[in-house]
Amino acid sequence: MNDFENLSISSAIEGLANKNFTSLELTEFFIKKIEKNKDLNCFITSTFDKAIEMAKISDQKIKENETRPLEGIPIGMKDLFCTNGVRTTAGSKILENFIPFYESTVSNNLWDSGAIMLGKTNMDEFAMGSANTTSFFGNVKNPLGLKVNKELVPGGSSGGSASAVSSGLCLGSTGSDTGGSIRQPASFCGLVGLKPTYGRCSRFGMIAFASSLDQAGPITKTVEDSALMLQAMVSFDKRDSTSSRQSIPDFSDFKKLSIKGKRIGIPKEYMIDGLNSDIKKIWDSGISWFKREGAEILEISLPHTKSALPTYYIIAPAEASANLARYDGIRYGFRHNADDLNDLYQKTRGFGFGKEVKRRLMIGTYVLSAGYYDAYYLKALKVRKLISQDFEDAFQKCDLILTPTTPNVAFAIGEKQTNPIEMYLNDVLTVPASLAGLPAISVPSGFNSEKLPIGLQLIGKPFDEISVLAAGAVIEESRGF
Amino acid sequence: MSIDNSTVKKVAKLARIEINEEEETTLITELNNILGWVDELKQVNTDSVEPMLSVFNESMQMREDKAESNFENSQILDNSPESNSGFFVVPKVVE
């Protein structure tokens, strides 16, 4: 029996190429492991029959030397990506029985690269949450909670994806990031999470939350795996009006890129009140690692950082209130019976959406309503410009920005539930890069006193994922585990 | 800006979300807290700042004005809660 426990995507590709094992063996291993770990609640829908069928095709391709880049690699697919013939719920009751008849571009690209779908991963309802506690299909547990004898959250919204990779139920998974939904769970689960530049991954077939912010990306164990998965996910897509035509590099070129002489900016505004002291220490360690590699460290200022979170909590709900208007109980999804049409809409949405989604739809509707549009929504759009401008100015002076990913480590399920703003504060360090559409990665960088993982975030210039990956690799080599 | 019962009712109606009395009470507090918190944006000087709707700055390309359909009518109706003779069914809307 092969030891598949410590495989990464890159080592699995090697093992498959060297015929040390087959994709079918690998896939069956993960299927068994998923079945054994159902209590983590990582998957909403499993697709084991499909996985076995795909693995057999991959083994045939390997045999015939027609190997594609992710041939035979079993992954988890966030249940936000529409999958043809496979139930896609976005973690919501309102889509409990929705079976798409088309495939999202990102998932399609992954299958075309030879990846294998083990199932659809759990998530916060419509990606609204930072703890994976808003899913209609129940909370997801962070496997690292076992270390401290607590039920810890995996982070969110891509909580099922992160927990699944962290507990070794798949080799990698997809996430989507609107304000931190890839980077924050990756940080909480000790993984690498990459949000590429807005426009890199097509949004076609990705269930919309806030369209000007939503961006797909990979959650993996290593930086190299992140580059491999990202390569397979990106493409120009005419079915997404904001899909970028920028040329797509070979992301594995990050290995050739030296950080020596690069200027790394440390934004003083990220030294927020309430930043956990262990996280502050790891941030300092990160600075010293880059110095040792010959990078130039400089303090920078992103003056509007403090305004980013309130800006986000106007713009994202506003866009969501428009996007989620489609759930009317008529064309697809849950319907609550009623006597007249208005009653049908109101009951369907009242019963079909969970608390957090309803709360955000109410905020979004309010800030867009007559009389408040200018004071809230328009104001937020202007502040967004200032936040984006801050980054443009900073990138005149530096090549990359190094910050912590989150103000705290993973917390217990049920914590931070007393008021919504307390939960929103989880995203305070990830939201600014989302508003500016910049590529950003979270890389495991150390541990707190309880041995819970701490991630550092690297933010790059638009379309410069390669530098972000290269800097991420420096952390991997320097952190000493 | 403070939100009261009638505002919550009005917004819920605009959003087409039915809420019960208990939800209404909770939402009054929560929305007031959230809107009070985002109110700090008022202190940011945005005179002569252009609103930013999207970070995407590539020009969108026009396509030919031609209808394309890759789906069968039946595929689309399969997901609907109620359909009949190739149509979506809704409650009666005319008296």
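**Figure 1. Charged side chains over aromatic rings.** In this predicted model, Lys416(A) lies over the face of Phe411(A), at 5.2 Å from the ring centre, where a charge is taken to sit over a ring if NZ of Lys or CZ of Arg is within 6 Å of the ring centre and within 35 degrees of the ring normal. Residues are numbered from 1 along each chain as its sequence is written, while chains are lettered from A and ligands numbered from 1 in the order in which they are written. Because the model is predicted, local features need pLDDT of at least 70 and side-chain atom pairs count only at pLDDT 80 or more, whereas totals for chains, interfaces and linings use all residues, and side-chain values use heavy atoms, with hydrogens and water left out.

**Figure 2. Aromatic pairs in chain A.** Rings of Phe, Tyr and Trp (its six-membered ring) pair if their centres lie within 6.5 Å, and planes under 30 degrees apart count as stacked, over 60 as edge-to-face and the rest as tilted. By this rule there are 23 aromatic pairs over all chains. In one of them, the centres of the Phe136(A) and Phe137(A) rings are 5.2 Å apart and their planes stand at 80°, so the pair is edge-to-face. Phe447(A) and Phe481(A) form a tilted pair, with 4.8 Å from centre to centre and 50° between the planes. This pair links distant parts of the chain, 34 residues apart, with Phe447(A) in strand 10 (residues 440-447) of chain A and Phe481(A) in the segment after helix 16 (465-478) of chain A; helices (H or I, at least four residues) and strands (E, at least two) are DSSP runs, numbered from the N terminus. Phe447(A), at 34% relative accessibility, is partly exposed, a term that covers values between buried (under 20% relative accessible area) and exposed (over 50%), with a 1.4 Å probe and protein chains only. Phe481(A) is also partly exposed, its relative accessible area being 45%. Elsewhere, ring pairs join Phe98(A), Phe126(A), Tyr327(A), Tyr332(A) and Phe353(A) into a cluster.

**Figure 3. Salt bridges between separate parts of chain A.** A salt bridge is a side-chain nitrogen of Lys or Arg within 4 Å of a carboxyl oxygen of Asp or Glu, and the structure holds 26 of them over all chains. One of these joins Asp240(A) to Arg203(A), whose closest N and O atoms are 3.1 Å apart. The two partners are 37 residues apart, Asp240(A) being in the loop between helix 8 (223-233) and strand 7 (263-267) of chain A and Arg203(A) in the loop between strand 5 (192-195) and strand 6 (215-220) of chain A. Asp240(A) is buried at 6% relative accessibility, and Arg203(A) is buried at 18%. Arg263(A) forms a salt bridge with Asp399(A), again with 3.1 Å between the closest N and O atoms. Since Arg263(A) lies in strand 7 of chain A and Asp399(A) in the loop between helix 13 (373-397) and strand 9 (400-404) of chain A, the pair ties together parts that are 136 residues apart in sequence. Arg263(A) is partly exposed at 25% relative accessibility, whereas Asp399(A) is buried at 13%.

Figure 4. The side chains of Lys347(A) and Asp343(A) meet in a salt bridge, at 3.1 Å from N to O. The two residues are four apart in helix 11 (residues 341-352) of chain A and are therefore separated by about one helical turn. Lys347(A) is buried, with a relative accessible area of 19%. Salt bridges that share partners also join Glu356(A), Arg359(A), Arg360(A) and Glu30(B) into one network.

Figure 5. Helix 3 (residues 48-63) of chain A has 16 residues and reaches 22 Å from its first C-alpha to its last, close to the 22 Å expected at 1.5 Å a residue, the expected span being 1.5 Å times one less than the number of residues. Its buried residues are Phe48(A), Ala51(A), Met54(A), Ala55(A), Ser58(A), Asp59(A) and Ile62(A). Seen down the axis of helix 3 of chain A, these buried residues fall within an arc of 145°, so they line one face of the helix; the arc is that of the directions from the helix axis to the C-beta atoms. The face turned away from the buried side carries the exposed residues Asp49(A), Glu53(A), Lys56(A) and Lys63(A).
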